[in-house]
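Please examine the model displayed below. The paragraphs that follow lead from one local arrangement to the chain as a whole.

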Amino acid sequence: MKLAVAALASVAVALVPGTTSRPTRTVLQQSAVADIELPASVKPGVVTGEALMDLLQYAKTKGFAIPAVNAVSSCGINACLEAAAKFKGPMIVQFSRGGGQFLAGKTIATGDMVDKASVAGCVAGALQVRQLAELYGVPVILHTDHCMRDWLPWFDGLLEANEDYYKAHGEPLFSSHMLDLSEDPLEENIATCVEYLERMSKIDLLLEMELGITGGEEDGVDNTDVDNSKLYTQPEEVYAVYEALSKVPNGKFTVAAAFGNVHGVYSPGNVRLEPQILHNTQAYISEKLGGEDKKPVYFVFHGGSGSSTEDIQYSIEAGVIKMNIDTDTQWSFWNGIREYEAKFHDYLQAQIGNPDGEDKPNKKYYDPRMPLRAAEECTVDRLGQAMEDLKCVNVL
Ligand SMILES: [Zn+2]
């Protein structure tokens, strides 16, 4: 036992930020990577089950990650589908609980209707994606974002919707869902994930789980006093998750492990992104499993906004296959509207009357499709940039 503890300790030491040195990168032969083709099981439309795993494996082997974009409207959904088609890469459309409430309508998503409405909103969004994705000719993963323990009724409602859909269509409505129980002690986090994965695996759903401290602001903790190593997931924690979830028959899962990627809690400069942790974790688990698969874990990168391209791509080399994008596409959506208004300001002040004449109608300028289309176009451009960063361009 002492030997094992010593081995773990040495890995932990290597993970303390500031003590890690980035090794020379292993660059895959470009020709070998280019030869890898999209698996035949991955077809245009929503991908689930085995096709989903084939797509994630393809991303991991080829060395790219798929953008996961929080959508809150049909325009947001269509921008995702348009970007996927334009830049020829797969796309993950995801809904948060709050996004589901918004899709359902703010007035019904209140009081004891919140869970029901957020489920209905997410289902409505999912059905829209299902109706349209195939027409765009791109594979799309349908996902839901963070679900804390308090929000489990929302999660249960989503699973019921998937179970109904599975009975009718032989596959789940969504591709995957995220459970974020990272504030719980590790054992409780794992136990609940196992419980849910057992239910999800029966209908081919994938589980994304979260590990690591995601912040302490609400507890009044000054982040300068936080032991830095606690902001970074330890390899043995990921291994504990891997072991437990791998035992579930037909269990499919990904891990959102903290490596300094905390959203909005710590000011820039206080926390450093340490993708090396993901590399070390893959090596640690690979060795535990016998070493055949060098990257056994599918990692998810949360809080990607503001990260350098270098850090993003080094994370992808460590088996990151999904990166969440929310803040940057919130801005692009708004920025499209902002620029539209600035450009046509004088045509948007009344229904009649503009610089061309006081009796000229402005209908074609204030038609809501005009500013919303500008928002879509700006978002498609931003997603193209994200896909470039993630090497998710021209991979279909
Ligand atoms: Zn997140």
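In which sense do strand 5 and strand 6 pair, and over how many bridges? Strand 5 and strand 6 (residues 206–211) pair in the parallel sense, over 4 bridges; two strands pair if DSSP finds at least two bridges between them. Within this pairing, Leu-179 is placed opposite Met-209 of strand 6. Helices (H or I, at least four residues) and strands (E, at least two) are DSSP runs, numbered from the N terminus.

This is a predicted model, in which local features need pLDDT of at least 70 and side-chain atom pairs count only at pLDDT 80 or more, while totals for chains, interfaces and linings use all residues. Residues are numbered from 1 along each chain as its sequence is written.

Strand 5 also pairs with strand 4 (residues 139–144), in the parallel sense over 2 bridges. Here His-143 stands opposite Ser-176. The chain runs from strand 4 through helix 7 (residues 152–169) to strand 5, and this β-α-β crossover is right-handed.

Strand 5 itself spans residues 176–179. Ser-176 and Met-178 point one way and His-177 and Leu-179 the other way, and all are buried (20 or more other C-beta atoms, placed from the backbone, within 10 Å of the residue's own).

For the protein chain, the totals are 14 helices and 11 strands, and buried residues make up 44% of its 396 residues.

Conventions:
Buried ≥ 20, exposed ≤ 12 C-beta atoms within 10 Å, placed from the backbone. Right-handed = clockwise from strand over helix to strand, strands pointing away.
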